[in-house]
Amino acid sequence: MKKIAVLTSGGDAPGMNAAVRAVVRTALHENMEVYGVVRGYNGLINDELIPMDLRTVSDTIHRGGTVLFTARSPEFRTEEGIQKAVATCHRRGIEGVVVIGGDGSFRGARDLTAHGIPCVGIPATIDNDISCCEETIGYDTAANTVINMVDKLRDTSQSHDRCSVVEVMGRHAGWLALTTGIAVGATSILVPEVEFDFQKDIVDKMKLTAATGKHHFIIVVAEGVGHVDELAKKIEEVTGVESRATVLGHVQRGGSPSSRDRNLASHMANYAVHLLEEGKSNRVVAIRNNKLLDFDITEALEMKKPFDMDMYRMANEISI
Ligand code: F6P
């Protein structure tokens, strides 16, 4: 393989730039030519490609977001869109594509591979919801951002004897809520994977901890559970504790990537290019037990990542 392309797709995640950088540097090290595709699959459809050299990716390892821009591409979900992308690859002589993103991006990579362009995926999403992989690029940085924000909320919550109801990202996945909830010492953690009982999981826990001298409370709620404003009102009505809702929102997706994310991105990207070089395709890179490995994308997309109920139970045990 002599010419490859790299793209970032779906929601951005801190560490995507470190991954792009390592793809470019590895490819150049292996005497390949490498193109950066602008705005995800749309860039392949519209032939928006930038030739990358060693210096194109200088000064990017520490930057959040993605220098290649990103997009969700409805057009790429159509046969016509895929055909346009394939035509771009053929015209440009691109023999393989590294796709950095989440599940939706990997479905695109699977479809592009099926149309004759070998693809390898690198998991990058703050949601950490890629089934075959223990940790995705961006998750650690986002978790640190959440912790930083909630620590600030705690200061004001403590000063006013209030309850802070905080929404963190994760439409379908509660990983970020669970691990940050543990790290900020939340009284309750609500995630889309586990049904909650307002009385038992919130009111009773607040009362129990109040009886032992606690005056302020943090409730971490995953975006998929939602309704934090209503929840805060209801908590105030039922418990009499003044409550405020905060939606952390997209701030969680930004910022300079942590050491962990920069390392994960660099390792995964290097591994991905070597996979393409070895003639492998339709693969997704993953990390398990601190070891890099790869899975067939189609199989990976069918895998389920069971929610960590043991961790959830542990969080409940220590939040009294
Ligand atoms: O997939 C990452 C994610 O940040 C989710 O947690 C969130 O629900 C979604 O993206 C938000 O997407 P958008 O940027 O389109 O609002």
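1. In this predicted model, strand β1, helix α1 (residues 16–29) and strand β2 together make a β-α-β unit, and that unit is right-handed. The two strands of the unit, β1 (residues 3–8) and β2 (residues 33–37), run parallel and are joined by 4 bridges. Within this pairing K3 stands opposite E33 of β2, and I4 stands opposite V34 of β2.

2. Strand β1 also has a partner in strand β4 (residues 96–101), with which it pairs in the parallel sense over 5 bridges. On that side, V6 has V98 of β4 as its bridge partner.

3. These pairings belong to an open sheet of 7 strands, whose order is β3-β2-β1-β4-β5-β10-β11 and whose pairing is mixed. The edges are formed by β3 (49–51) and β11 (291–296), each of which pairs on one side only. From one strand to the next, the twist averages 25°.

4. As to how β1 is covered, 6 of its 6 residues are buried. In a regular strand the side chains alternate between the two faces of the sheet. In β1 both faces are covered, with K3, A5 and L7 buried on one side and I4, V6 and T8 buried on the other. A colleague looking at K3 may wish to note both that it is buried and that it stands opposite E33 in β2.

5. Residue D127 deserves a separate look. The residue lies in the loop between β5 (119–123) and α5 (139–160), and it is buried yet has no salt bridge.

6. Just after α6, G185 takes a positive phi of about 70°.

7. Side chains of opposite charge can pair when their charged atoms come close. The count of salt bridges in the model comes to 13. One of them links E48 and R39, whose closest N and O atoms are 3.8 Å apart; E48 counts as partly exposed at 34% relative accessibility, and R39 counts as partly exposed at 35%.

8. Another salt bridge joins D111 to R110, with the closest N and O atoms 3.1 Å apart. Here D111 is partly exposed, with a relative accessible area of 24%, and R110 is partly exposed as well, with a relative accessible area of 27%.

9. K280 and E278 also form a salt bridge, and their closest N and O atoms are 3.0 Å apart. In this pair K280 counts as partly exposed at 35% relative accessibility, whereas E278 is exposed, with a relative accessible area of 54%. Elsewhere, salt bridges that share partners join D47, R91 and R92 into one network.

Note on methods: Residues numbered from 1 in each chain as written. Predicted model: local features only at pLDDT ≥ 70, side-chain atom pairs only at ≥ 80, totals over all residues. Heavy atoms only, no water. Buried < 20%, exposed > 50% of the residue type's maximum accessible area, 1.4 Å probe, protein only. Lys, Arg positive; Asp, Glu negative; His and termini not counted. Salt bridge = Lys/Arg side-chain N within 4 Å of Asp/Glu carboxyl O. Pairing = 2+ DSSP bridges. Axes fitted to C-alpha atoms, helices over the stretch in contact; angles between N-to-C directions. Right-handed = clockwise from strand over helix to strand, strands pointing away.
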